[in-house]
Amino acid sequence: MTYVTSPGEPLAFPQGFAWGAATAAYQIEGAADADGRGPSVWDTFSRTPGKVRGGDTGDVACDSYRRYPEDADLLASLGLSSYRFSISWPRIFPTGAGPVNQAGLDHYKALLDTLAERGISGAATLFHWDLPQALQDQGGWASRDIALRFADYAAVVGEALGDRVERWITLNEPLVVTDLGYRTGIHAPGIADEAAAAAATHHLLLGHGLATAALRAAVPGAQVGITLNLTPVIVTPDANGSAALLERARLVADAKHNGVFLEPLLFGRYPEHAPAAILPPAALIRDGDLAAISAPVDFLGVNYYRPQHLRPGDPANLRLREYPPVPGTEGGVVEYYPAGLETTNMDWLIDPDGLYELLVRLSKDAPGLPLYITENGCAAEDYPNPDGKVNDLERIKFLHQHLEACARAARDGVNLAGYYVWSLLDNFEWAYGYQKRFGIVYVDFPTGRRIPKESAAFVAEVVRANAIPALPANWPV
Ligand code: FCB
C-alpha cells in the first residue's frame, strides 16, 4: 500500500515536531541475567505461577538487549528522529543501593551511541516499573526511603549518560504503579493494600521531585519531565436532571484518574475531590515535599489510550459493556461504552476525541508547557499472512484518527511538541504476557525475527511528510 500526502495538507504538524517510537526495558530487553543485572519486581512477579498469562516472563522478550543495533536500524528506516526507551534500574543498581554496575551503564551508552550514529536522539525513562527486587524487599514505593534511592540512581545515570540523552522522563505512569501494583495487585509487586497504594502515590511523586533536582545538578541544561497516563472523563446527562449528579461524579473520577498526579505536579496540592482513601495521609507529607514535587518540569509526557464515559444508570441493573459504578462516586452513575465506538483487542474504547479534549485541557492547566504524546497505540490480532506481510489495517486506522486529533490540537494552539507511537515492537505486555501485540513491527518471539507491519510504512509516510495522508475512501476496516 502506498500513502499519498497532498501538498498543503490541512493536517500538518508544526515544524520541528519530534517523531518517535517508545519501548520499555522489561518489555523488550530480555537478557535477564546478562552483565550483572539484578532481579526486578517483574522477574519475581512473572515467575510466580498465575500472575502472568501463559506463565510468560520477560527473560527473553524481544532480546533487544542484544539486538538493539537492529532496532536502531528499524527506527532509522522509518525516519524517526527520537527513541523513547527506559533504563533498567536493576542493571545499574543490581542490589538496590550500591555498588553501581558499570556494565549496565555501558549498555545504555552503546545504545545511545548507536542511535546517534543514525541521527536518532534518546528520550530516556528512568522508571518504567522494573524496580530492583532488593528495594521492594525494603518496602518499595510504600516506603519513603525509596524516593532518596531513586534520586541517587538519577544522579548516577545523569552523570554517565547526560551528554547523550536529549530528554529525561523520571517516571512512567505512576498511577498504574499505585493502582495495579499496590491497590489491586494485578501488576508487580502484586500488593493489594489501599494504604500502601496511597503511600506509594506520595513517594513516587517525591521520587520524581528529588530525581528532577538530581538530574539538573548532574546535567546542566537537562530537559526533565514525567509521563502520566491521563484519562479524560466524558459525561452524558439524561433527560432527568442528572447534570449535577454527573458533574460531581466527573470531578471525583477526574481527581482519581488525573488530578491525583497532575495537581501535585502542577499546583503543589492533592486534589480536593479525590476519594480520601486514595490520598496519602497528612502524616506522610513533610514540609517541603510538595514544593519539591511541583518544581517546574520542562515538558509533560502524556500517554493516551482511552477515555472514561459516565452516564446516569442503575448499578444494580448493568448490561453488557456497562461497568460497575466509578469508585467514590455517588450511586446512580455508571461507566459505559457508548454505542458506535469501537474497541481494540484490549477491549479499550477507541475515542480520538478524548485525546483532543485532553490536550486542550492540559494546555489550559499548564499554559505553554510543551506536551509530548509519549505513548499512543493499540493492540490488534496481528499475524503474518501467507505473503509474510502483517496487514494491521485496524492499527493504521487507529493511528490515523489519533494523529488527526493531535494535529487539530496543535492547530488550535496546543503546544504539542512530539508524538511517540506505542510501540516500536510487539513485546511483553505485562500481565497479558506476549498475547497482546502493540508494535508497528511484528516480533516472531521464538526466533526474535522482526517484520515491519503495514502500520510502520504508514508511520514512515507521516514522518516524511510531517502531515497525515488521507486514507483511501474504500479503507477496508
Ligand atoms: C501503558 C504502559 C506501556 C504499555 C502500554 C500498552 O500503560 O506504559 O508499558 O504496556 O500501556
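Is Ala-61 buried or exposed, and at what relative accessibility? Ala-61 counts as buried because its relative accessibility is 5%, where buried denotes under 20% relative accessible area, exposed over 50% and partly exposed in between (1.4 Å probe, protein chains only). The structure is a predicted model, in which local features need pLDDT of at least 70 and side-chain atom pairs count only at pLDDT 80 or more, whereas totals for chains, interfaces and linings use all residues. Residues are numbered from 1 along each chain as its sequence is written, and side-chain values use heavy atoms, with hydrogens and water left out.

Ala-61 has a positive phi of about 50° although it is not a glycine, and lies in the loop between helix 2 and helix 3 (64–77). Helices (H or I, at least four residues) and strands (E, at least two) are DSSP runs, numbered from the N terminus. A positive phi of about 50° is also found at Asp-35, likewise not a glycine. Asp-35 belongs to the loop between helix 1 (25–28) and helix 2 (41–46) and is partly exposed, with a relative accessible area of 47%.

Two cis peptide bonds are described next. The bond from Ala-188 to Pro-189 has omega near 5°, and Pro-189 is located in the loop between helix 8 (174–183) and helix 9 (194–218). The bond from Trp-422 to Ser-423 has omega near 10°; Ser-423 is part of the loop between strand 12 (416–422) and strand 13 (441–444).

Trp-422 also belongs to the surroundings of the ligand, among them His-128, Glu-173 and Glu-429 (a residue is near a molecule if one of its heavy atoms lies within 4 Å of it). Polar side-chain atoms lie 2.8 Å from a ligand oxygen atom for His-128, 2.5 Å for Glu-173 and 2.7 Å for Glu-429. The ligand taken alone exposes 300 Å², of which the protein buries 95% (Shrake-Rupley method, 1.4 Å probe).

Aromatic pairs number 28 in the structure; ring centres of Phe, Tyr and Trp (its six-membered ring) must lie within 6.5 Å, with planes under 30 degrees apart counted as stacked, over 60 as edge-to-face and the rest as tilted. Phe-299 and Tyr-372 form an edge-to-face pair, because their centres are 5.4 Å apart and their planes stand at 85°. This pair links distant parts of the chain, joining strand 7 (residues 299–303) to strand 11 (residues 371–375) across 73 residues. Both Phe-299 and Tyr-372 are buried.

Note on methods: Polar contact = N/O pair within 3.5 Å; in protein donor to acceptor, adjacent residues only side chain to side chain.
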